[in-house]
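Have a look at the model first, then read on.

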Amino acid sequence: MSAEYTLVLLRHGESEWNAKNLFTGWVDVHLTEKGQQEARRAGEQLLAEGLLPDVVHTSLLRRAITTANVALDVADRHWIPVHRTWRLNERHYGALQGLDKAATRDKYGEEQFMLWRRSFDTPPPPIDPDDEYSQAGDPRYAEADGDMPLTECLKDVIARMLPYWESAIVPDLRERRTVLVAAHGNSLRALVKHLDGISDEDIVGLNIPTGIPLLYELDGDLRPVTAGGRYLDPEAAAAAIQAVANQGKH
Ligand SMILES: O=C(O)[C@@H](CO)OP(=O)(O)O
């Protein structure tokens, strides 16, 4: 299998709510200073590897948008075309948005907590449209219209993300553009599951670290040449993956 297409996935750097250990989902929080640094480091890594994106696709959330802007600025690729879509947003965390992860784990127990966080098809309870962390009425989601979720499991994320992959990202790859996708822990888990053909059971154990570019070289059938891709900074990725897995533990 030879590499035909180049895809770089980048989860946003640490956000204010990652640092506070709160369920975030579609709440539009800022990066922390550490998150900004991670984004700069991601740009340096792209530059060092000569991985210069020709086009970037992001979610509609500022933690992904800012991460892409900062990384591309460092890589001197701040000028490339950009496409943004709600279909790359983080998984909607329903009524859990804004809740403390450790307190939620204590209240509902490890099993329910992990079901909500990582199971393939168990969504959290839906958010009330009047909840302070609801996105109801947010003009940026006018285009999502009737598809706007009130909660999502990973299966739902795959269903809303794949049409965008097929219609917008794949055509860029076929044009042999180096594509950067700047998104989120769970929307990138959805994409990685699709690319690597990971089973519904095995995806439960996969976590994506913040701010470390993940390179996928794809063959002519859009299959990864190396399963799982390659983190540009594998050591930092291994430590950060463990930190995501441990979230919610005291
Ligand atoms: O809160 C969230 O939106 C996500 C990503 O930060 O958390 P988790 O890793 O628990 O799915």
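1. The shell around the ligand comes out as 3 nonpolar, 6 polar and 2 charged residues. In this count Ala, Val, Leu, Ile, Met, Phe, Trp, Tyr, Cys and Pro are nonpolar, Asp, Glu, Lys and Arg are charged, and the others, Gly among them, are polar. The surrounding residues are Asn 18, Phe 23, Thr 24, Gly 25, Glu 90, Tyr 93, Arg 117, Gly 185, Asn 186, Val 244 and Gln 247; a residue is near the ligand if its C-beta atom, placed from the backbone, lies within 6 Å of it.

2. Some ground rules: this is a predicted model, where local features need pLDDT of at least 70, side-chain atom pairs count only at pLDDT 80 or more, and totals for chains, interfaces and linings use all residues. Residues are numbered from 1 along each chain as its sequence is written.

3. UniProt, in an unreviewed entry, puts the feature "active site" at His 12 and Glu 90; such annotations may be inferred rather than shown by experiment. The two positions are spread over 79 residues of sequence, yet they cluster in space, with a largest C-alpha distance of 10.4 Å.

4. His 12 sits in the loop between β1 and α1 (16–20); helices (H or I, at least four residues) and strands (E, at least two) are DSSP runs, numbered from the N terminus. His 12 counts as buried because it has 32 C-beta neighbours inside 10 Å. The cut-offs are 20 or more other C-beta atoms within 10 Å for buried, 12 or fewer for exposed, and partly exposed in between. Leaving out residues up to four places away in sequence, His 12 touches Leu 31, Gly 35, Arg 63, Ala 64, Thr 67, Ala 182, His 184 and Thr 210, where contact means C-beta atoms within 7 Å.

5. Glu 90 is in the loop between β3 (82–84) and α4 (101–108), and it is buried too, with 25 C-beta neighbours inside 10 Å. Beyond four places in sequence, its contacts include Thr 24, Gly 25, His 184, Gly 185 and Asn 186.

6. α7 has 12 residues and reaches 16 Å from first C-alpha to last, close to the 16 Å expected at 1.5 Å a residue (the expected span is 1.5 Å times one less than the number of residues). Its buried residues include Gly 185, Asn 186, Arg 189 and Lys 193, and the buried residues of α7 pack against β1, α6, β4 and α8 (234–245). Just after α7, Gly 197 takes a positive phi of about 60 degrees.

7. Which residues touch the most other members of the largest nonpolar core? Of its 42 residues, they are Leu 7, Leu 9, Ala 71, Leu 180, Val 181 and Ala 182. A core here is a set of buried Ala, Val, Leu, Ile, Met, Phe, Trp, Tyr and Cys residues joined through C-beta atoms within 7 Å. Apart from this core lies another, of 5 residues, among them Leu 22, Phe 23, Tyr 93 and Trp 116.

8. Two phi values to check by eye. Asp 76, in the loop between α3 and β3, has phi near 60 degrees, and Asp 145, in the loop between α5 (110–118) and α6, has a positive phi of about 45 degrees. Most residues other than glycine have a negative phi. Asp 76 is exposed, with 11 other C-beta atoms within 10 Å; Asp 145 is exposed as well, with 7.

Notes
Contact = placed C-beta atoms within 7 Å.
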